Amino acid sequence: MNPPENNRDPDSPMAQRFRGFLPVIVDVETGGFNAQTDALLEIAAVTIRMDQDGYLHRHETFSFHVEPFEGANIEQAALDFTGIDLDCPDRMAEPELMVMTDLLSAVRRAVKENGCTRAVIVGHNAHFDLNFVNAVIDRCNIKRSPFHPFSVFDTATLAGLAFGQTVLAKTCQVAGIEFSNSAAHSAAYDAEKTAELFCVIVNRWKELGGWIADDEYGDEETE
């Protein structure tokens with residue numbers, strides 16, 4: 001995956017906060033655990049914005065039902081867990097290439113609007129989501145991805161630090177975020193709740209004085 005052009009805006013508060021990266025919350029629902037062989041069935045991405053006081057808020061949601069790629073494995077246990085009915089006439093699934101073209105365009109637009117260089121996936125157990133995103137990008141032969149190819153922000157880890165919980169539903173309860181178990185395991189719902197959780201944790205860290213602006217210590221490039 002080729003690196004994006006450096007369009008970072010040094011005056012953008014969001015770019016300053018995350019060293020030029022725009023956190024984008026992603027959730028996938030799949031036909032199993034293997035990103036190479038199992039179908040991607042749903043994907044959602046949620047962007048965030050920063051207000052004038054430096055606090056993060058959930059912004060836009062982009063959600064898609066996805067047609068399984070040819071030869072994809074789909075475990076019945078996965079369908080039972082997510083409640084996805086592949087034969088539902090209202091599912092309105094689209095091919096992977098169409099879905100990823102629309103989703104990545106939305107992410108690129110958000111990156112540019114926030115003066116950032118590229119996006120970084122935020123997810124609950126985020127490497128699972130990243131693996132499926134990278135796999136479908138490869139299958140679709142998409143040459144330029146706005147997402148960092150291996151770095152993520154994992155809210156399961158952050159929640160363990162902030163709240164002593166790692167399960168999304170339980171963490172939301174402790175954090176004071178409304179959570180419906182009946183609505184869970186939809187990509188859009190889980191992504192939105194994960195976005196709210198990420199914002200709560202980052203905002204609370206800000207209130208505790210835990211973030212120092214780049215201009216106070218320099219902006220060193222790291223892996």
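Author: With the word "buried", which stands for a relative accessible area under 20%, while "exposed" stands for over 50% and "partly exposed" for what lies in between. The model is predicted.

Reader: What makes Lys193 buried or exposed?

Author: Its relative accessible area is 9%. The limit for buried is under 20%, so Lys193 counts as buried.

Reader: How do you know that Lys193 and Glu196 form a salt bridge?

Author: The rule asks for a side-chain nitrogen of Lys or Arg within 4 Å of a carboxyl oxygen of Asp or Glu. For Lys193 and Glu196 the N to O distance is 3.7 Å, so the pair meets the rule. The two residues are three apart in helix 7, which means a separation of about one helical turn.

Reader: What other salt bridge does Glu196 make, and with which side chain?

Author: Glu196 also meets the side chain of Arg58, at 2.6 Å from N to O. Arg58 belongs to strand 3 (residues 56-65) and Glu196 to helix 7, so this pair ties together parts that are 138 residues apart in sequence. Through shared partners, Arg58, Lys193 and Glu196 are joined into one network.

Reader: Why are Arg58 and Glu196 called partly exposed?

Author: Arg58 has a relative accessibility of 34%, and Glu196 has a relative accessible area of 22%. The class runs between the buried limit of 20% and the exposed limit of 50%, so both residues fall into it.

Reader: How many salt bridges does the rule give?

Author: The count is three. One of them pairs the side chains of Glu96 and Arg139, with 2.6 Å from N to O. This pair links distant parts of the chain, with Glu96 in helix 3 (residues 96-113) and Arg139 in helix 4, 43 residues apart. Glu96 has a relative accessible area of 8% and is buried, whereas Arg139, at 30%, is partly exposed.

Reader: How do you know that Asp190 has no salt bridge?

Author: Asp190 is in helix 7. The nearest side chain of opposite charge is that of Lys193, 9.3 Å away. A salt bridge needs a distance within 4 Å, so Asp190 is left without one, although it is buried. Leaving aside residues up to four places away in sequence, Asp190 touches Asp27, Glu29, Leu168, Phe179, Ala184 and His185.

Reader: Which residues lie nearest the centre of the largest pocket?

Author: They are Glu29, Phe81, Phe128, His185 and Asp190, out of a lining of 24 residues. Two or more lining residues come from each of strand 1 (21-30), helix 2 (76-82), helix 4 (126-139) and helix 6 (168-175). The volume of the largest pocket is about 650 Å³. Its lining divides into 11 nonpolar, eight polar and five charged residues.

Reader: What makes a space a cavity, and how many of 30 Å³ or more are found?

Author: A cavity is a set of grid points where a 1.4 Å probe fits but cannot get out, whereas a pocket is an open set. The search of the whole structure finds one cavity of 30 Å³ or more. The largest cavity has a volume of about 40 Å³. Its lining is made by Arg17, Met50, Gly54, Leu56, Val202, Asn203 and Lys206. These divide into three nonpolar, two polar and two charged residues. Helix 7 (residues 187-207) gives the most to this lining, with three residues.

Reader: Why does the phi of Asn125 deserve a remark?

Author: Most residues other than glycine have a negative phi. For Asn125 phi is near 65°, a positive value in a residue other than glycine. Asn125 sits in the loop between strand 4 (118-123) and helix 4. Asn141 also has a positive phi, near 55°, and its place is the loop between helix 4 and strand 5 (147-154).

Definitions and conventions
Residues are numbered from 1 along each chain as its sequence is written. This is a predicted model: local features need pLDDT of at least 70, side-chain atom pairs count only at pLDDT 80 or more; totals for chains, interfaces and linings use all residues. Side-chain values use heavy atoms; hydrogens and water are left out. On a 1 Å grid over the protein atoms alone, a cavity is a set of points where a 1.4 Å probe fits but cannot get out, and a pocket is an open set with protein on both sides within 12 Å along at least five of seven lines; lining residues have an atom within 4 Å of a point. Grid points are joined across faces, edges and corners, and a volume is the space filled by probe spheres set on the points. Helices (H or I, at least four residues) and strands (E, at least two) are DSSP runs, numbered from the N terminus. Ala, Val, Leu, Ile, Met, Phe, Trp, Tyr, Cys and Pro count as nonpolar, Asp, Glu, Lys and Arg as charged, and the others, Gly among them, as polar. Buried means under 20% relative accessible area, exposed over 50%, partly exposed in between (1.4 Å probe, protein chains only). Lys and Arg count as positive and Asp and Glu as negative; His and the chain ends are not counted. Contact means heavy atoms within 4.5 Å.
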